[in-house]
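Dear colleague,

Please find below the structure for your files. My notes on it follow.

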Amino acid sequence: MRIRATTVSRKWVDGSTNTEELVEGFDQETAAVVLARYISLKMEIEEEFDATRWLDRSLIRLCSRFGDYRKDDPSSFSLHSNFSLFPQFMFNLRRSQFVQVFNNSPDETAYFRMLLNRESITNSVAMIQPSLISFSFDSPPSPVFLDVASIAVDRILLLDAYFSVVIFHGMTIAQWRNMCYQNQPEHQQFAQLLQAPQEEAQVIINGRFPVPRLVVCDQHGSQARFLLAKLNPSATYNSAHDVPPGSDIIFTDDVSFQVFCEHLQRLAVQS
């Protein structure tokens, strides 16, 4: 989605409030958390409530009202910078444990929702959209996109999903570790690379209560699912021919964030 910090369409929400004033005061992280809490409540008290459909309709209405576009022209659609992350938050909320409760027990779902309502905005955002940090020989630790394309054979990824912390080793890193290169004096840099995400994970765990689950896994290993379940499926079994060597794919029928945005733009400009 193209994002431009431009003046949005001049529409009036009511007789006295200008849309531009609402845009300038919009806090997208707070809005995402409020929606997550509201949806969690409605899922508990309304038996037939369809959270995914409700989220989609709400996002379409928001983009139609506050977006800048030419009617019936999806390619012209853009959002103010204050809204730039909101579609991404909604995409991840749709896939989160707050909406997709099938693989969780009722007790687990209640636990997740209790903490969502109790924690700060920063911590609640981490529950909705986890952070992903890359560790490699080529660069210092740095944030990367929450996308399957961020996986590489020579990279270690650290995922902070609040309820769990995942250390994911690329295939080559895992092979070198299994061959004990880190114990050889000439490979001290590799030993430091292995240690860095462990230390960062421990800092996260020590500063959080309840204590998150620590998962240490390797690319193509069984526990890699804890990372893959949180990533944008930009590469799936349907697009395996486009995957760069050493990367990975996600076996899912879910749409990617890119396709999600394309549909969002198309529907928003029709409203």
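Against which elements do the buried residues of α7 pack? They pack against β5 (156-160), β6 (164-169), α8 (188-206) and β7 (213-218). Within helix α7 (residues 171-178), the buried residues are Thr-172, Ile-173 and Ala-174; buried means under 20% relative accessible area, exposed over 50%, and partly exposed in between (1.4 Å probe, protein chains only). After α7 comes Cys-180, which has a positive phi, near 65°.

Please note that this is a predicted model, in which local features need pLDDT of at least 70 and side-chain atom pairs count only at pLDDT 80 or more, while totals for chains, interfaces and linings use all residues. Residues are numbered from 1 along each chain as its sequence is written, and side-chain values use heavy atoms, with hydrogens and water left out.

The chain contains ten helices and seven strands, which are DSSP runs numbered from the N terminus (helices: H or I, at least four residues; strands: E, at least two). Of its 271 residues, 46% count as buried.

I would also draw your attention to Ser-134, in strand β3 (residues 131-135). Ser-134 is buried, with a relative accessible area of 4%. Leaving aside neighbours within four places in sequence, Ser-134 is in contact with several residues, among them Pro-140, Val-144 and Ile-156; contact means heavy atoms within 4.5 Å.

Yours sincerely
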